[in-house]
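Me: Could you take me slowly through how helices pack in this protein?

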Amino acid sequence: SGKRWNGRRVWNECWRRRWYFGAFLIAILAIFLAQTYDAYRESEKKRISGERLKKTFAEREERRAQRASAKKKEEDHQNWAVLMARADALAARGGDINEIISMYQEAVALAPNLAPGYANLANALMRVGRFEEAVEATRSALTFAQTPLEESAAYINLGAALSAGQGASAKKEALRSFEKAAELDSSSIIARSYAANAALSLGHIDLAIGMANQALDLDPHDATANVLLLACTDALSNHHDFAHIRPDWEAQLDQAIVQAESQANQALDKEEEDTTAAVQEKKEKSSDLIRIIDKTADLFFVKSAFLIYRAVNLAANNDENANETITKAITLLEKANAIKLDSVSRQRDPRTWSPSSTLTAASSVISAFPTEAVEATLRANHPDDNIPMPLFLVGSPRAGATLLAAMLASSPSIAVRDPQRPGLGDAVSRHGVAALQGNSDVIDAVAETYRQ
């Protein structure tokens with residue numbers, strides 16, 4: 001305005017208009033904040049949109065991966081089922097056991113979380129004596145068992161594999177496994193039969209009797225349980241009071257024999273009626289028929305034991321019925337052996353029952369005993385006694401060797417090492433007499449016991 005600059009006056013003017021300046025500054029700040037907030041919102045929108053997009057893509061990929069995994073799992077399970085079925089069929093036909101094991105191993109690799117694969121693998125491994133691997137497989141089956149029945153089956157397999165191990169600790173663990181299996185499955189006859197056998201081998205006779213009776217309570221006609229209960233009477237040397245072991249046992253056994261004979265005759269009649277080539281080819285491979293025949297033979301063996309023990313007791317009391325009873329027992333035993341021979345002739349791999357294998361195994365046993373050395377020791381220690389050299393009683397399972405040993409042991413002039421459990425009984429019952437060929441550890445252990 002052409003006037004001289006006066007700082008004080010300018011300040012006064014500004015102070016007088018301070019509200020205008022304040023409003024102007026606030027407006028500028030508001031505009032700045034609004035623009036900053038808008039920019040922040042846009043940035044957040046982009047970030048959230050990007051994250052949401054990433055999450056959407058990730059979820060989509062995850063769903064796609066899940067679908068692919070489910071599809072692969074379904075395919076693996078289908079392939080597992082096919083492999084299991086093929087391996088089972090090959091085993092039923094008596095195929096190469098190594099091929100069967102490979103198929104089960106492949107099935108386990110396809111579906112490592114399914115317990116039945118491990119169970120079948122363990123059974124196949126036990127057939128070739130690979131018991132440590134079988135134990136490992138059964139422990140895996142226990143890990144992946146999804147139902148009490150699967151867990152019970154796994155415990156049975158574990159016990160069976162452990163039973164083949166050496167030493168009392170393994171056998172005790174086997175017994176605990178069988179008891180656990182019986183506890184998990186209240187209807188399992190197999191678990192109780194295995195437990196009875198394991199308890200008997202450890203000398204727990206009362207427990208063995210209890211388990212065998214439980215099995216017979218579930219099925220009074222079960223042949224294995226009847227055989228085991230008879231073994232318990234052998235261990236107790238209680239051959240005169242069967243009712244003390246199980247009331248009405250003999251009556252139930254007679255009913256079981258009638259039923260088994262009827263089933264066997266029906267199965268054989270049906271087999272003869274089927275004349276087609278396919279059925280004829282299947283004729284000698286019918287595992288069901290072999291099982292029925294074996295059951296009948298076992299029941300006949302148990303009944304013959306009843307009669308033999310009764311005859312021994314009658315003879316001890318000079319009863320004139322002893323001869324008639326023993327004649328019935330021998331007739332029944334001959335019939336049982338004829339039935340068993342029929343069963344063996346139908347089996348796909350009867351090598352463990354062949355006479356040559358039995359004779360070879362017997363020779364292996366006898367050769368382990370230093371006959372001349374034993375004879376010299378006996379003569380030196382007992383110069384005045386006419387002590388004969390030992391005789392060896394060798395036979396296939398259910399052939400009557402244990403009964404014969406028990407009868408011989410009843411004579412005061414004959415010493416029997418263990419009439420209830422012949423020295424090689426465990427090995428023979430598990431693997432057949434052919435397994436003794438070259439099994440020097442088992443044979444030498446028995447020989448050392450005899451030397452002592």
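**Helix 4 and its neighbours**

Reply: Helix 4 passes helix 6 in a left-handed crossing, where left-handed means that the near helix is turned anticlockwise from the far one by less than a right angle, and right-handed would be clockwise. Helices here are DSSP runs of H or I with at least four residues, numbered from the N terminus. This is a predicted model, in which local features need pLDDT of at least 70, side-chain atom pairs count only at pLDDT 80 or more, and totals for chains, interfaces and linings use all residues. Residues are numbered from 1 along each chain as its sequence is written, and side-chain values use heavy atoms, with hydrogens and water left out.

Me: How is helix 4 oriented relative to helix 6, parallel or antiparallel?

Reply: The axes, which are lines fitted to C-alpha atoms over the stretch in contact, with angles running from 0 to 180 degrees between N-to-C directions, come within 10 Å for helix 4 and helix 6 (residues 148-163) and cross at roughly 20 degrees. Because angles under 35 degrees count as roughly parallel, helix 4 is, relative to helix 6, roughly parallel.

Me: And how is helix 4 oriented relative to helix 5, parallel or antiparallel?

Reply: Helix 4 (residues 115-127) and helix 5 (residues 131-144) pack at an angle of about 165 degrees, with their axes 8 Å apart. Since angles over 145 degrees count as roughly antiparallel, helix 4 is, relative to helix 5, roughly antiparallel.

Notes:
Helix = DSSP H or I, 4+ residues; strand = E, 2+ residues; numbered from the N terminus. Parallel < 35°, antiparallel > 145°, perpendicular 65-115°, else oblique.
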